[in-house]
Amino acid sequence: MQTALGPKTYKFLFYVEQNYCFPILRPIQAKARESGCEVRWFFAGAAANPEFLNADEVRCNSAADAVSFQPDAVFVPGDRVPAFIPGIKVEVFHGLDESKRGNIYPERGMFDLYCTEGPGRTGMLEPLAEQRRYFRVRETGWAKLDSLFSYAEHAPNYERPQVLYTSTFTPRLSGAAALYEEIKRLSRSSNWQWLVTLHPKLAPETMAKYRALANENLAFFENDKVIELLHRADVMICDNSSILQEFLLLNKPVVTFANRDPQSYMIDITAPNALESAIETALERPSELMDKIAAYGPQVTPYRDGASAQRILAAVTGMLETGWQDTKPRNLYRNFKIRKQLKYFGF
């Protein structure tokens, strides 16, 4: 049967390790289904919650189920995937860039295809692809932006300004510990409504402290609500997480704490006691700042048309139709660790 994706339908597996994967993968699922392809979800580890699946989304209940499904391709927002699951391995990324890691991407020989969001990451990976020759790079745009720009807000009007706080998990780059007392103080006031969602790998004790702050002025959310929160918020407080870029793409101001590379389109502070005045400035939306934010978007990714998922699927099916052969390194140690975690030792 001829489809929009190619001369046949395919089976695709989504490999999920964190709740932030849902808005990244669902645009790909929607486009795949339009062409008659079959999609299933596999949850690796306990950090991602299968209860967030929709009623029409199908789960593989074990690693053995994922292998038996015999997918043609496995889509991964994280940075690892087991070799024992069939299909070409496709990296679709969980953030917009790798600035936290410097200018060299840590390519570990686990993927056949990298679908990049723009020239920055493409430029990191293409020289490695030419050198190593066991993977391809295709610049497609980031699928999560399809979710971000197509979101239909149901309750756009709020009585108070909505302030979103989020943080990366890397201790030296995170402001979560340093800002805790100030956010605690500010959340006792009714001036603003605080919305808090934190990286799932953040230190458990820090995560617990923020959860405990919940009151009539502060609500804590899981990562599956992030698209809703990005649209709901008027201002974001962040540090070095790439999620700040998503907020900027919505033409909204971001206050960063100790950003490692502060830019003119951010309001960067280095002391917790500067947070309140920085939020007040952001809520005023000064014209100079907003002009710089508007100019920033095209620098992040040229693909903001809602069609990234379709380009990703075209890149994947192009590989499938040309008979891509797996020549990746065997990665024995990494694959053994994943087998052990998933309790799968079949061959």
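**Notebook: strands, helices and core**

I began with strand β8 (residues 162–165), which pairs with β9 in the parallel sense over four bridges. I took helices (H or I, at least four residues) and strands (E, at least two) as DSSP runs numbered from the N terminus, and counted two strands as paired if DSSP finds at least two bridges between them. Tyr165 stands opposite Val196 in β9.

The model is predicted, so I note that local features need pLDDT of at least 70, that side-chain atom pairs count only at pLDDT 80 or more, and that totals for chains, interfaces and linings use all residues. Residues are numbered from 1 along each chain as its sequence is written, and side-chain values use heavy atoms, with hydrogens and water left out.

**The open sheet**

I found seven strands forming an open sheet with parallel pairing, in the order β3-β2-β1-β4-β5-β6-β7. Its edge strands, β3 (59–60) and β7 (136–139), each pair on one side only. Strand β6 (residues 113–116) pairs with β7 in the parallel sense over four bridges, and Leu113 stands opposite Arg136 in β7. Helix α3 (residues 119–132) packs on the sheet and touches β6 and β7; its direction makes about 160° with that of β7. For such angles, axes are lines fitted to C-alpha atoms, for helices over the stretch in contact, and values run from 0 to 180 degrees between N-to-C directions. Contact means heavy atoms within 4.5 Å.

**The core**

I looked up which residues touch the most other members of the largest nonpolar core. Of its 116 residues, these are Phe75, Trp194 and Tyr210. Such a core is a set of buried Ala, Val, Leu, Ile, Met, Phe, Trp, Tyr and Cys residues joined through side-chain atoms within 4.5 Å. Helix α11 (residues 308–321) gives the most to this core, with six residues. Leaving aside neighbours within four places in sequence, Phe75 has contacts that include Phe12, Tyr15, Leu25, Val90 and Ile312.

**Helix α10**

I recorded Leu289, Met290, Ile293, Tyr296, Gly297 and Val300 as buried in α10. Seen down the axis, the buried residues fall within an arc of 110° (taken from the directions from the helix axis to the C-beta atoms), so they line one face of the helix. They pack against α8 (243–249) and β13 (267–269). On the other side of α10, Ser287, Glu288, Asp291 and Gln299 are exposed.

Conventions. Buried < 20%, exposed > 50% of the residue type's maximum accessible area, 1.4 Å probe, protein only.
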